[in-house]
Amino acid sequence: MSDLSESAIRSALSDVIRGDAISAIVIDDGSVGIVLDFGSDKPADAGAVRARAEAAVKGMPGVSSVNVVMTAAKAPPAMPSGGMKLGAHGTPPPPKPTTIPGVRHVVAVASGKGGVGKSTTSVNLALALRDLGLSVGILDADIFGPSLPMLLGINEKPSLKDGMIQPILSHGVKAMSIGLLIDIDQPVVWRGPRVMGATQQLLKEVAWGPLDVLIVDMPPGTGDVQLTMVQQATLSGAVIVSTPQDLALIDARKGLAMFRKVNVPILGIVENMSSYLCPACGHEAHIFGHGGAAEAASELDAPFLGGIPLDMKIRLSADEGNPIVESAPDSPEAAAYRRIAKAVAASLNAVPA
Ligand SMILES: Nc1ncnc2c1ncn2[C@@H]1O[C@H](COP(=O)(O)OP(=O)(O)OP(=O)(O)O)[C@@H](O)[C@H]1O
């Protein structure tokens with residue numbers, strides 16, 4: 001039995017990060033899970049901070065493994081004045097929604113804030129829907145931090161055929177990201193109309209069809225940019241990804257409110273990092289109590305689609321471009337994504353007869 005304590009871990013971390021950035025610590029025997037949340041002050045060298053935190057805790061007696069996850073919210077990009085034409089009430093005028101030829105359902109995956117695992121959930125959900133026999137596409141509409149090329153291990157540039165951008169077929173799904181069309185090493189500081197133009201282009205000028213489901217990984221947050229993007233495509237519904245902390249707070253509520261404002265059905269809420277599976281013994285520890293997310297979802301009048309555990313393999317497989325549904329298809333973590341995919345497919349009534 002280990003005598004590791006939360007306060008000992010906090011003190012080991014005290015030289016590395018400020019205490020209020022530690023939003024959760026889970027200890028399961030020698031295995032430690034840490035959730036960091038820097039609010040909108042995400043450090044520029046986030047990767048190095050995580051490595052230092054892992055090293056500080058790994059060196060403690062009794063620690064066998066450490067998994068540090070950052071849920072730092074990215075500050076939403078400021079909309080420059082004059083960059084976007086606003087409507088009578090200060091909101092952008094709604095664009096005409098685009099219907100994408102040959103695509104049966106467009107599903108937005110959104111979150112109230114950054115870093116909660118929206119992109120990781122989007123790719124694993126897409127792969128789990130593929131495994132249900134559906135033809136699936138995934139569009140990375142996170143103009144400010146495109147991550148799909150890394151998550152799916154895509155290095156090639158898309159080609160043009162008959163004036164249409166050809167999606168890249170990766171892991172059996174059709175994928176497209178703004179990150180494949182621009183130089184991602186250059187910081188993207190775009191004005192509203194350019195952002196909207198890029199999204200329209202990704203929806204209209206990519207040869208998506210035929211598809212049962214197109215998953216759209218939205219930029220984090222619920223500002224004007226996100227709202228206008230929601231209005232650009234005819235959406236069948238939205239999935240909101242949240243961590244247990246945020247469900248109890250207001251971020252997930254803001255996401256729900258944004259979609260409801262424009263009459264997009266909420267397919268449900270996914271609780272990411274909901275529990276911690278001990279890699280050594282498989283024991284599941286609930287980080288913030290059990291059942292809180294389902295309760296919060298019902299209070300918000302939204303279906304609860306299920307929880308995804310906080311797990312090092314989910315992060316590592318995503319970093320390697322081989323998401324867990326693909327790399328460990330029979331793991332309990334992949335099963336968690338599959339349950340969510342089944343619930344989404346059922347609510348879309350999309351599973352072919
Ligand atoms: N269930 C999980 N267990 C462990 N790590 C996770 C889990 N979900 C996501 N992560 C890790 O958390 C980090 C943030 O995830 P991700 O990039 O998917 O978030 P996001 O909400 O799309 O962020 P943003 O919108 O700010 O780009 C990544 O390092 C990812 O690998």
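I began with helix α1 (residues 6-13) and helix α2 (residues 46-58), whose axes come within 9 Å and cross at roughly 130°. The axes are lines fitted to C-alpha atoms, for helices over the stretch in contact, and angles run from 0 to 180 degrees between N-to-C directions. α1 and α2 are therefore oblique to each other; under 35 degrees counts as roughly parallel, over 145 as roughly antiparallel, 65 to 115 as roughly perpendicular, and the rest as oblique.

I also looked up the hand: α1 passes α2 in a right-handed crossing. A crossing is right-handed if the near helix is turned clockwise from the far one by less than a right angle, and left-handed if anticlockwise. Ile 9, Ala 12 and Leu 13 of α1 make the contact with Ala 53, Ala 56 and Val 57 of α2. Being in contact means that two C-beta atoms, placed from the backbone, lie within 7 Å. I sorted these residues by class and got 6 nonpolar, no polar and no charged. Here Ala, Val, Leu, Ile, Met, Phe, Trp, Tyr, Cys and Pro count as nonpolar, Asp, Glu, Lys and Arg as charged, and the others, Gly among them, as polar.

A note on what I'm looking at: this is a predicted model, where local features need pLDDT of at least 70, side-chain atom pairs count only at pLDDT 80 or more, and totals for chains, interfaces and linings use all residues. Residues are numbered from 1 along each chain as its sequence is written.

Next pair: α3 and helix α13 (residues 332-348) pack at an angle of about 70°, with their axes 8 Å apart. That makes α3 roughly perpendicular to α13. Their contact includes Leu 125 and Ala 128 of α3, and Ile 340 and Val 344 of α13. By class, I noted 8 nonpolar, 1 polar and 2 charged residues there.

Then I checked UniProt, whose unreviewed entry places a "binding site" at residues including Gly 114 and Ser 119. UniProt positions are in the numbering used here, feature names are shortened, and annotations may be inferred rather than shown by experiment. Where does Gly 114 lie? I found Gly 114 in the loop between β4 (103-110) and α3 (118-131). Ser 119 lies in helix α3.

Is Ser 119 buried or exposed? Ser 119 has 27 C-beta neighbours inside 10 Å, so it counts as buried. The cut-off for buried is 20 or more other C-beta atoms within 10 Å of a residue's own, for exposed 12 or fewer, with partly exposed in between; C-beta atoms are placed from the backbone. Gly 114 is buried too, because it has 23 such neighbours. Leaving aside neighbours within four places in sequence, Ser 119 is in contact with Asp 142, Ser 147, Leu 148, Leu 151 and Asp 217.

Most residues other than glycine have a negative phi, and most peptide bonds are trans. The bond from Gly 209 to Pro 210 is cis, with omega near -10°. Asp 162 has a positive phi of about 50°, and this residue lies in the loop between β6 (160-161) and β7 (164-165). I logged Asp 162 as exposed, because 6 other C-beta atoms lie within 10 Å.

Note on methods:
Helix = DSSP H or I, 4+ residues; strand = E, 2+ residues; numbered from the N terminus.
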